[in-house]
Amino acid sequence: YDIPERALPARILDIPTPTEADGQRALIRIAARAMGVATEVDLRDYFRLPVADAKARVAELVEAGELTPVTVKGWRNTAYLAPGARRPRRIEGVALLSPFDNLIWARDRTARLFGVRVRLEIYTPAHKRTHGYYVLPFLEDEAITARVDLKSDRQVGVLRVQAAWAEPGATANTAARLAEELRLMAGWLGLNEVAVTGPGDLAGALVQEL
């Protein structure tokens, strides 16, 4: 920690301090660009803005032509489209998502986008957990197709899959693609092996792929 004059360059210090409303509009613009299309609640929650302030700033950005109100099939509330946002013809790629990834940290938005409920169960008593202690959803192209409860066992150099669950969108290739991503994770964690050691309806298929 230090005083701003010693921590920040002069070109930053010389920028005029924005008003609270200007700052909030800037944050909503950032949120809109990050999400592409979002409800007012989504935009507000991205930076935890006050309810009344966020409503006012969104209305101002709509009036200024910086946000476009749109209807999204299956969404109850009006959504807002960011300038330049586009829908690609196809999305390809895989990723294991941290529970704190901003793609899925808002439960309602995650349910609207992917049709699954993602819940952090770290603080849930073990006997009440549905999927496990520290569960990472698996993003496969445009869908969340699986969840795995992972533990890094550094004493023996093993990434343990303590549970592996398929989602309704899982495909015949999900286990193989998930196995490859788990090997990649084990590698950058400095672990030598991936071992499935727990239950789940995807566990058997994952064992075969590993």
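Helices (H or I, at least four residues) are DSSP runs, numbered from the N terminus. This is a predicted model: local features need pLDDT of at least 70, side-chain atom pairs count only at pLDDT 80 or more, and totals for chains, interfaces and linings use all residues. Residues are numbered from 1 along each chain as its sequence is written, and side-chain values use heavy atoms, without hydrogens and water.

View 1. On a 1 Å grid over the protein atoms alone, a pocket is an open set of points where a 1.4 Å probe fits, with protein on both sides within 12 Å along at least five of seven lines. Lining residues have an atom within 4 Å of a point. Points are joined across faces, edges and corners; the volume is the space filled by probe spheres set on them. The lining holds 20 residues, with M35, V37, P88, I91 and L113 nearest the centre.

View 2. Helix 3 (20–35) and helix 6 (107–114) each supply at least two lining residues. Helix 6 gives the most, three. Domain 1 (4–81) and domain 2 (94–209) both contribute, so the pocket lies between them. Domain bounds come from an automatic or database domain assignment.

**View 3. The second largest pocket.** Its volume is about 340 Å³. Of its 21 lining residues, T39, D42, D108, R109 and R112 are closest to the centre. Helix 4 (40–46) and helix 6 each supply at least two residues of this lining. Helix 6 gives the most, with five. Domain 1 and domain 2 each provide at least three.
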